[in-house]
Amino acid sequence: MRRVSSIAVAGIGIAALAFTTTACGGSSSDSKKDKGVAIAYDVGGRGDQSFNDAAYAGFVKAKKELGVKGDDIEPSEGESDADKVQRLTELAREGHNPVIAVGFVYAPAVKEVAKKYPKITFGLVDDDTVHMKNVVNMVFNEEQGSYLAGVAAALTTKSKTVGFVGGVENPLIKKFEAGYVQGVHDTDKSVKVKVQYLTQPPDYSGFKKPDSGKDTANGQLDGGADVIYQAAGDSGSGVIEAAATRGKWAIGVDSDQYTQKGLAKFKSKILASATKAVDEAVFNLVKSVKDGKPESGTVRYGLKTGGVGLADSNPAYQKMTKVVEAVETAKKKIISGEIKVKTTP
Amino acid sequence: MKNTDEAEPMNGDAKNGGSAGTTGDAPDKSGDGLNESGRTPTKSGSPADSPADSPAKSGSPAGSPADSPAKTSSAAGSAAKSGGSAGKRFSRDRLLLAVAGPVLALVVAVLLTSGVLLASGKSPFEPYQLMLEYAGNADIQVLIVNQASSYYLAALAVAIGFRMNLFNIGVDGQYRVAAMAAALVGANVDLPGPLSIALIVIVAMLVGAFWAGIAGILKTTRGVSEVVSTIMLNAIATSLIAYLILPEQFGVQPKGSNNLTTGDLPESSWFPGLHVSDVAGDIYGFVFVAIGCGVAYSLVLGRTRFGFDLRATGASESAAAASGVDAKRMVLTSMLISGAVAGLAGMPVLLGDSHTYSLNFQTGIGFTGITIALLGRNNAVGIAFGALLIAFLDKASQTLDYNGYEKEIATIMQGLIVISVVVSYETVRRYALRRQQRKVGEELAAAARTTTREEVPA
């Protein structure tokens, strides 16, 4: 008897399961309103004071200057590609255009969803693998900006030791490391660079652990470093806090972190920031769509176009004329091609 | 735990497979896990069964008086008969009680979540409505079912450990190492489709079993708690994968990409899915494999010698050892099986969707599996519902972000479910125990009355 009943229960379960999926023929993809821009963030989300916030800044600028509307959505931790597909589909089907995916992790999802919505422009930040007519790959020469950060660090350090804190040890962040280390060594061979990463992929929590960034930075400061460059998303604020609290220099990343409200307390010790104009890229894409001439293909942002660079908002930095000059020279050499910056350490 | 007595029918002849009736019956009664409200035999089996059965359910003092009616052989027949009718009642009760636990937990979790919503000044009901509406869409349902298949396999892996009284927290690490190794082999081996799929699956199971086996061996040879060793192995798995996936080792960095992968599986080794519709997409073919695994799990644990040994060892290692089970071997074996099933957890996505292991392969499935195994009370059907529920919360909650709520509400709810599950199961268990003691008491009293009456005229 029990045998029968348990099989019956299993059968009902499976039937119910099959029923729910087939019975409701509708799908979540059937509405057509213009909802404006959509931004899907990477791990860390808004408020990371760097990468995602840069995208947000571009979004805000577009809202203000172009009068567009829009939504921005954060990811969940440890989600799968299917979840990203769902997010982008949801944004596209609600009638958003363009849909901008921030972060290379969205590449497979963009590839899939862009096929289903050929009339919508999809932006993909930090990845250059999805080549479709309605997809814009926005990539940056992070290593070039980081090279300039390295030059500045090498000329500012007194202890001949500088640090680098990466959020997650993936190829993207290694580009930052590669440029920085090369910049330091090209400027002064005797300067030692301490390189540390907070986590290894697939553990992306390194981008959102300010406390861990603080500990790591403190370790480097104990080891004699007096300038620390970080490419660690939200964790970077911990690095800046640690350095600033002990009166040492920190170098910001992605956004001009000197002007970030969340870091105002420490801004006097933010030497400079290796910027990555995600905001500009987002703005440009939104504008192109609004103007009816959407971008397509690969859009590369480098030193030449100002897509990456070294922000010098800190007056203390502007006073270091020697450093500023050296950075300017390096910048010219990179643009002219005299200096080739490596993308892998 | 509580059913040391269960090992009783094991000794002697049972080992030789002698009394198939006894062994067959015993696993049956605890067939649904923690809910060990033993069943009074409905088949007119040897009367000796009935006393052995009733104490098993509680291991309570009610056990010893239960022996007496059996000894009064003349009453045995009628006792068994009344036991038969009681059996039906018991099984209906038991089903009710089994359902009561999760339902109570859910209700409590929903109420608490509503409380949280109220406290933050939001509508305490609208989020549920939004989620249910959203889940009415076919594409979301496909998503839920697909996700549930991974959760289900992970939860089965955890449940196998739980049945054995082993807490395999390392399912997540086993799952990731296995998925990566399988993806790597799949991308580099050129075999005809079905063979290639079989190879990928076998590699995943072997690697998962290997990774769990390390913890198993540590436990059996050195007495290292599997809780500690599997947590550590999770961290080691992360580092090992991070190393192996470097382009200098086995990884591939597609041109223009910032991701690292293991290379793509050839199309012939993609597991065909069930096409629902163009919008909704495909249900992974592996969903059906997962269902098959659930059936196998039920059968092996509930209807085989091995399953019985496993549960007996889980209930009391010393009692199982006394009845001739090699407990250490059981620990190792169940760890290996748990790991092998954990290895399968990555297959639905690998073979059905991503076709490669990359830096953004889903993580945390093993931990979700623990929640689900608890929720489903280690029962194959219960786990299926648990997996669907958690997948529903995961997927349907995404809509909240678009409607002015935070999707983290679902995370809060999942946490509350775990807490309320533990509390409500214990509450229900105690209630069932009290009820049973009373019932057994009444039956015994009744039996005693009939016995005296029958004995007097004789």
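**A buried histidine in chain B**

B:His355 is buried, with a relative accessible area of 9%, where buried means under 20% relative accessible area, exposed over 50% and partly exposed in between (1.4 Å probe, protein chains only). This residue lies in the loop between α14 (347-354) and α15 (365-375) of chain B, helices (H or I, at least four residues) and strands (E, at least two) being DSSP runs numbered from the N terminus.

**Basis of the model**

This is a predicted model, in which local features need pLDDT of at least 70 and side-chain atom pairs count only at pLDDT 80 or more, while totals for chains, interfaces and linings use all residues. Residues are numbered from 1 along each chain as its sequence is written, chains are lettered from A and ligands numbered from 1 in the order in which they are written, and side-chain values use heavy atoms, with hydrogens and water left out.

**Helix α6 of chain B**

Helix α6 (residues 138-163) of chain B has 26 residues and reaches 36 Å from its first C-alpha to its last, close to the 38 Å expected at 1.5 Å a residue, the expected span being 1.5 Å times one less than the number of residues. Of its 26 residues, 25 are buried, and just after this helix B:Asn165 takes a positive phi of about 65°.

**Backbone features in chain A**

A:Lys160, in the loop between α5 (142-156) and β6 (161-168) of chain A, has a positive phi of about 60° although it is not a glycine. A:Lys160 is partly exposed, with a relative accessible area of 36%.
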